[in-house]
Amino acid sequence: MNINVISIFPEILDSSSKGLTGKALEKNIAKLKLIDLKEFSNNDYGSIDDAPYGGGEGMVIGVEPLEKSLKTIKKPGHIIYLTPQGKVFNQKKAVNLSKFKDLTLICGRYEGIDQRFIESYVDEEVSIGDYVLSGGEIAASVIIDAILRNLDDVIGNQDSVNKDSHSDGKLKGHVYTRPSDFKGKKVPEILLSGDHKKIDEWKLANSLWVTREKRPDLFKQLQLSEKEMILLRQYGDYLTKKHE
Ligand SMILES: C[S@@+](CC[C@H](N)C(=O)[O-])C[C@H]1O[C@@H](n2cnc3c(N)ncnc32)[C@H](O)[C@@H]1O
């Protein structure tokens, strides 16, 4: 996968070449090309932004530097502008975007970018949440990380990605490691039993329970099978008994 990022502060994305993203880059599963928009000014002052027509606060990144920088990319593929006005990013979108061979992310700053660039080149506007950041770089990092997790061989065990929260509408639920007893707080006994069928059932029931507790909005959208309803009821009974 080739991911291009156009930004006036590409160095912010440099830290993306560590950790998970770094692993994907090292293994050549993905290539990250950072393009410095400051190099594409079309005036003698070297600026890439200007005051907004019609007045108002802030500066706007111009259409010409953006176009010039985009033209340096051989295959831009699917072009995304990161903006708080876009459709809110989620796991489903991360999985869909991971299927593109070429992806280009445009990071704005200040008041944003000239609308004519969006209309001429952008395929999709994406937001990482209903709040305003000072630039698109952090949003691009978030999106790149979430996309790369879905590519084969980036995470050692792809099965763990498929079982993560949001992969099938549920949250993953509680996880534990040693010690089995922390100041009297014990790990649920079933997890120490070695009975894999029972453990899987506990994990499913716990995941449904956690989803209902933490994200009732997600829980409402689940279509539970009869078996899942029984497991959830039994889990509730077990918790009630534990607290009696
Ligand atoms: C200060 S913001 C501009 C906000 C713009 N004036 C508005 O009200 O819609 C500067 C840049 O940060 C990025 N940005 C800010 N919030 C974002 C979000 N929630 N998701 C994705 N990108 C965001 C965008 O690239 C945007 O052009």
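In which loop does Asp152 lie? Asp152 belongs to the loop between α6 (137–148) and α7 (158–162), where helices (H or I, at least four residues) and strands (E, at least two) are DSSP runs, numbered from the N terminus. This is a predicted model, in which local features need pLDDT of at least 70 and side-chain atom pairs count only at pLDDT 80 or more, while totals for chains, interfaces and linings use all residues. Residues are numbered from 1 along each chain as its sequence is written.

Asp152 counts as exposed because it has 9 C-beta neighbours inside 10 Å; a residue is exposed if 12 or fewer other C-beta atoms, placed from the backbone, lie within 10 Å of its own, buried if 20 or more do, and partly exposed in between.

In helix α3 (residues 63–71), the residues Pro65, Leu66, Ser69 and Leu70 are buried. They lie on the same side of α3, because they cover an arc of only 135 degrees around the axis, the arc being that of the directions from the helix axis to the C-beta atoms.

The shell around the ligand holds 19 residues, and the closest are Leu82, Pro84, Gly108, Gly136 and Ala139; a residue is near a molecule if its C-beta atom, placed from the backbone, lies within 6 Å of it. Strand β5 (residues 78–88) gives the most to this shell, with 4 residues. The table divides the shell by class.

| Class in the ligand shell | Residues |
|---|---|
| nonpolar (Ala, Val, Leu, Ile, Met, Phe, Trp, Tyr, Cys and Pro) | 8 residues |
| polar (the others, Gly among them) | 9 residues |
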